[in-house]
Amino acid sequence: MKPDEEDLHAWLDGEADDATARRVERYLAEDPQAAGRVAEIRYEMQLLRQAMHQQKQTLETPEPHVFRRRVRQQRQRKLALACVLVLSLSVGGFTGWQLKDSQMAGHLPMEDAVQAYKLFGNATLTPMDVVASQQNELASWVGRYFINGNLPPNLEQYGFKPLGARLIATAQGPAALVMYQDPHGTRVAWYIRPLSPVKLPHGERKAEDVMAQYWSDEHYNYALVTPLDAAATGDVRKAVAQVTG
Amino acid sequence: MSQLTDEEIRDVMPHLQRFALWLTRNPHSADDLVQSCLIKALTRTPQSRDEQSLRAWLFAILYRQFIDGERRRKRYRTLLAFFTGEEALSSSTESMAIADDTLALFATLPTDYRVILLLVSVEGLSYKEAAETLDIPLGTVMSRLSRARKLLHEKLEGKVKPLPLRRLK
């Protein structure tokens, strides 16, 4: 069988297996013309190799340390880039955290409830939107404005009867204050308002002469604001702390 | 196993330069190619330390860089042609001084042919090493080699035909 072109080249390059090599050698022995062609190729490849080795290299040949330095520089650039990225992320994060803190500081929790209590809690009769002494009247009034909200608590067992309620506008929507009073004229207020800006955790804080206890559900923030100087409010506070805590 | 040593870099340098020079046929591009090849190689660890396979490993890196570069250049050229309506000039041999007739003819071979002849006939890589360097099948190495030698032979014989029109890059 006559070997093909590729077999001849493989033989020339010493890449032919034994069987192919024998076949090629037999073929070349029988066909002087083919043998001549193969010899020419071999000669041309020698020519090429010689010419290559004689060709002057005009390229720069930097010392190896030059490449090492370049690799180091590349690594440092990448590292610097990564550092910048981390830095900008952390600066951003830190600033954001600071901003949040300062905003939180500006927003005392449930300060609006405290202010509303101060506005309506004094004895002089600031007019209420609804004046109701019945718990269920108040409940239906609150239910109109606050869908899925908790209804104002019944504080009668602690001696407090509902006095009336007042609707208040906030930037996030309506809020309401429900005022209660005991026979001694002590007033406590229950406050409801939309969740935003933040869902407050359960907590309490004192502001001057009042205490605000606050908590949240899925939809609203709530607060109970009680005067600190009245002994009668201690039980209510305890009860609220138990129920919401 | 560690990175290339200075000794290894010095030894392989002339081979890389020659390979890069005949790939690009332009001394400046060749310089860049050798540089980027060695920089890439210095971030890795060669699998084998013997001289021959180290060389093949570096040829493979250099060739990959060349192909990537050509692809970018081609894209750029197409883009340029699209906006200017002109075919940008392709690289030529004019910036290379070639005194030898054989080399002058060799320089006119398509890139694929120059590469395979360099690797197998000049650098003495085995078919298998050449196939791995160029990331092509062994059969392609063999057929390409046979066609390359045939074309060079015809050129040397004076039966110089115009280059085949199809681009082989």
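Helices, of type H or I with at least four residues, and strands, of type E with at least two, are DSSP runs numbered from the N terminus. The exercises below use a predicted model.

**Exercise 1. How many helices and how many strands does chain B have, and in what order do its elements run?**

Solution. 
- Step 1: Count the elements. Chain B has 7 helices and 0 strands.
- Step 2: Read them from the N terminus. The order is α-α-α-α-α-α-α.
- Step 3: Check the burial. Of the 169 residues in chain B, 33% count as buried.
- Step 4: Check the contacts. Take those in chain B between residues at least 6 apart in sequence; 66% of them join residues at least 24 apart.

**Exercise 2. Describe helix α1 of chain B: its span, its kink and its buried residues**.

Solution. 
- Step 1: Find the expected span. It is 1.5 Å times one less than the number of residues.
- Step 2: Look for a bend. There is a kink of about 40° at Val12(B), shortly before the proline Pro14(B).
- Step 3: Apply the burial cut-off. A residue is buried if 20 or more other C-beta atoms lie within 10 Å of its own. In α1(B), the buried residues include Ile9(B), Val12(B), Leu16(B), Phe19(B), Ala20(B) and Trp22(B). Gln17(B) and Arg18(B) are also among them.
- Step 4: Step past the end of the helix. Just after α1(B), Arg25(B) has a positive phi of about 55°.

**Exercise 3. Describe α7(B), and state what its buried residues pack against**.

Solution. 
- Step 1: Take the span. α7(B) has 19 residues and reaches 27 Å from first C-alpha to last, close to the 27 Å expected.
- Step 2: List some buried residues. They include Val141(B), Met142(B), Leu145(B), Leu151(B) and Leu152(B). Arg144(B), Arg149(B) and Lys155(B) are also among the buried residues of α7(B).
- Step 3: Find the packing partners. In chain A these are α1 (5-12) and α3 (32-54). In chain B they are α4, α5 and α6 (127-134).

**Exercise 4. How many residues does each chain bring to the contact, and what kinds are on the chain B side?**

Solution. 
- Step 1: Count both sides. Chain B gives 33 residues and chain A gives 28 residues.
- Step 2: Name the elements. Those of chain B that give two or more residues to its side are α1, α2 (27-42), α4 (101-106), α5 (111-122) and α7 (138-156).
- Step 3: Sort the chain B side. It divides into 19 nonpolar, 8 polar and 6 charged residues.

**Exercise 5. Which residues have the most contacts inside the largest nonpolar core?**

Solution. 
- Step 1: In soluble globular proteins, nonpolar side chains tend to be buried together.
- Step 2: Find the core. The largest has 48 residues, and Ala20(B), Leu62(B) and Ile116(B) have the most contacts inside it.
- Step 3: Trace its sources. The elements giving two or more residues include α1 and α3 of chain A, and α1, α2 and α3 (51-84) of chain B.
- Step 4: Turn to a second, separate core. This one has 36 residues, including Ala175(A), Val188(A), Trp190(A) and Val225(A).
- Step 5: Return to Leu62(B). Leaving aside its neighbours within four places in sequence, Leu62(B) is in contact with Leu16(B), Phe19(B), Ala20(B), Leu33(B) and Cys37(B).

**Exercise 6. In what order do the strands of the chain A sheet lie, and which stand at the edges?**

Solution. 
- Step 1: Write the order. The 7 strands form an open, antiparallel sheet: β1-β2-β3-β4-β7-β6-β5.
- Step 2: Find the edges. β1 (130-131) and β5 (203-207) each have a single partner strand, so one side of each lacks a neighbour in the sheet.
- Step 3: Follow β3(A), residues 173-181. With β2(A), residues 161-170, the pairing is antiparallel over 9 bridges. Ile168(A) has Ala175(A) as its bridge partner.
- Step 4: Move to β4(A). β3(A) and β4(A) pair over 6 bridges, with Gln181(A) partnered by Arg187(A). In their hairpin, Gly185(A) takes a positive phi near 90°.
- Step 5: Cross to β7(A). Another 6 bridges join β4(A) to β7(A), where Ala223(A) is the partner of Tyr191(A). In β4(A), 7 of its 8 residues are buried.

Technical notes. Residues are numbered from 1 along each chain as its sequence is written. Chains are lettered from A and ligands numbered from 1 in the order in which they are written. This is a predicted model: local features need pLDDT of at least 70, side-chain atom pairs count only at pLDDT 80 or more; totals for chains, interfaces and linings use all residues. The bend at a residue is the angle between axes fitted to the seven residues ending there and the seven starting there. A residue is buried if 20 or more other C-beta atoms lie within 10 Å of its own, exposed if 12 or fewer, and partly exposed in between; C-beta atoms are placed from the backbone. Two residues are in contact if their C-beta atoms, placed from the backbone, lie within 7 Å. Ala, Val, Leu, Ile, Met, Phe, Trp, Tyr, Cys and Pro count as nonpolar, Asp, Glu, Lys and Arg as charged, and the others, Gly among them, as polar. Two strands pair if DSSP finds at least two bridges between them. A nonpolar core is a set of buried Ala, Val, Leu, Ile, Met, Phe, Trp, Tyr and Cys residues joined through C-beta atoms within 7 Å.
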